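The exercises below ask the reader to work from a structure towards a description of its parts. Each task is followed by a solution in steps.

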Amino acid sequence: MRSLELLRAVYAVRKAESLNNEQVQQLQDQRLKKLLKHTVANSRFYRRFYREHGINEGDLDEVRVEDLPIIDKNIMMENYDDFVTDPAIKQAGLEAFINESPTPGSKYKKKYSVVHTSGSSGTIGLFVYGPREWEMSKALSLRATGIKLPFGRRKKIAFIAATDGHFASVTSFYNLPRLLFKLLPLSISSPLDEIRDKIDQFQPDVITGYASGLNLLAKEQLAGRIQIDPSEAFCTGDPLTVVFRQRIKKAFGVDPINMYGSSETMTLAGECGQCRGFHLFNDWCSVQVVGDDLLPAKAGRVIITNLYNYTQPLIRYQMNDEIVLSDKACPCGWPFPVIESMAGRQEDFLWFEQEGGEKDFIHPIVLAEFFVPGLEKFQFRQTSPNHLVMRAVVNGDEREVEAAIRGKMEEILSGKSLQSCVRFDVELVDEIGNDVKTGKFRLVVPLGVGEAVGL
Ligand SMILES: [Zn+2]
């Protein structure tokens, strides 16, 4: 059943690929109007918020996306229960669900797909997708990868990332139809020898996951510690550097394709093999780039409107990402605009020394996806080679939240066999300041960096 729904979504997504720019624009406008009407009729927050900004239900046919007020993750989370369009969805219920059912891919109220992240902002956000919306997100990720749906034999996909929670990429991965794909999840938080054994035995057709995870596999292959022969490679989650790309190509003889996604949009853009930029999938997501003055710009912050999520509508939602748009059209023929470059996703790896002297890391995305109920905002600081402190803003019972944080961190550390050599402390604070040099929030502050940036 799910495979059928996916095929339908894939068909809907493919149709737009042969349109021209104006046709995509028209499609976007129609989809925006439909979404706006649904949202104002069903979301208490938006109805109130737009009225406060002088926009009433009768204006929705005339309104341009630029006229709508901007929201962000804080506004969304402060108004969460009024924000969503199904009154059965509650923030407290979602938090309990994430906490109690850590199986990625399991559904809230047997219906809704849930992803959560603090992203690089340190503030936890919850995102819910209805069943059809979720199929659409998968169809868009298939567009980004260019992966062909297999016929005959199931494709074997190995996925290396944070795999034990409701994060965007892993939740998508677990929801791939089993009829078409055979899946091997590899936790980036598990010991390396375990990763090596599993992938060698599995022999994937496709490798995907964090760029740093694929880089790790490439290193292992080049050193002769694993022997696999994938024919496709896709990256997401963290930056695919030039060095990573070359290494993956050298190790496996395939050029990795990079994707750009988020919990807010799932797949937002995919790398083009011809221009090497990212095509922004603006048929299902309206995107404006604005400067510090919030006026349209070629380079700056991204304001998105997810055009397919009717359950938790994100309309004129400001992301932390910054992108530069290209003026040039791409020769590949896709009508979607091209992103020249993007920034704002780089967080540092934390390296620790194991008892035998060998070093192992904690991936920054594992830290970005840290979740326990009552934790609102946090930052990780490494204060000595084997000492880690979490600064945490919490609500509710402080002791209970702190105990949950400690429990969760112990899981992460023991996954890497670092529990006995790394000391972990929690510091409860009222607010966490930004990096005084860049003015940006730093989620991870590695050893020796804190003082340098005034934190
Ligand atoms: Zn292209």
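**Exercise 1.** State how many helices and strands the protein has, and decide whether its radius of gyration agrees with that of a compact globule.

*Solution.* In this predicted model, the secondary structure comes to 13 helices and 19 strands. For a chain of 455 residues, a compact globule would have a radius of gyration near 23 Å, and because the protein has 22 Å, the value agrees with that expectation. Taken along the principal axes, the C-alpha atoms fill a box of roughly 70 × 55 × 45 Å, and 42% of the 455 residues count as buried. Of the contacts between residues at least 6 apart in sequence, 66% join residues at least 24 apart.

**Exercise 2.** Identify the domains, and describe the side of domain 1 that touches domain 3.

*Solution.* The division gives domain 1 (2-137 + 276-342), domain 2 (152-259) and domain 3 (350-445). The C-alpha centres of domain 1 and domain 3 lie 30 Å apart, and their contact takes 13 residues from domain 1 and 14 residues from domain 3. On the side of domain 1, helix 6 (91-100) and strand 1 (113-117) each supply at least two residues, with the largest share, 4 residues, coming from helix 6. Sorted by class, this side of domain 1 has 3 nonpolar, 9 polar and 1 charged residues.

**Exercise 3.** Determine whether helix 10 is largely enclosed by the rest of the structure, and name elements that cover its buried residues.

*Solution.* Begin with the geometry: helix 10 (residues 211-222) has 12 residues and reaches 16 Å from its first C-alpha to its last, close to the 16 Å expected at 1.5 Å a residue. Next, count burial: 9 of the 12 residues are buried, so helix 10 is largely enclosed by the rest of the structure. Among the buried residues are Ala211, Leu214, Leu217 and Gln221. The cover over the buried residues includes strand 3 (155-161), helix 9 (192-202), strand 5 (206-210), strand 6 (232-236) and helix 11 (242-252). Finally, just after helix 10, Gly224 takes a positive phi of about 80°.

**Exercise 4.** Is Ala299 buried, exposed or partly exposed, and which residues beyond its sequence neighbours does Ala299 contact?

*Solution.* Ala299 lies in strand 11 (residues 299-306). Because 14 other C-beta atoms lie within 10 Å, Ala299 is partly exposed, given that a buried residue needs 20 or more and an exposed one has 12 or fewer. Leaving aside neighbours within four places in sequence, Ala299 is in contact with Val289 and Val324. Ala299 and Gly54, by comparison, are 245 residues apart in sequence and 29 Å apart in space, C-alpha to C-alpha.

Note on methods
Residues are numbered from 1 along each chain as its sequence is written. This is a predicted model: local features need pLDDT of at least 70, side-chain atom pairs count only at pLDDT 80 or more; totals for chains, interfaces and linings use all residues. Domain bounds come from an automatic or database domain assignment. Two residues are in contact if their C-beta atoms, placed from the backbone, lie within 7 Å. Ala, Val, Leu, Ile, Met, Phe, Trp, Tyr, Cys and Pro count as nonpolar, Asp, Glu, Lys and Arg as charged, and the others, Gly among them, as polar. The radius of gyration is taken over C-alpha atoms; the globule rule is 2.2 Å times the number of residues to the power 0.38. The expected span of a helix is 1.5 Å times one less than its number of residues.
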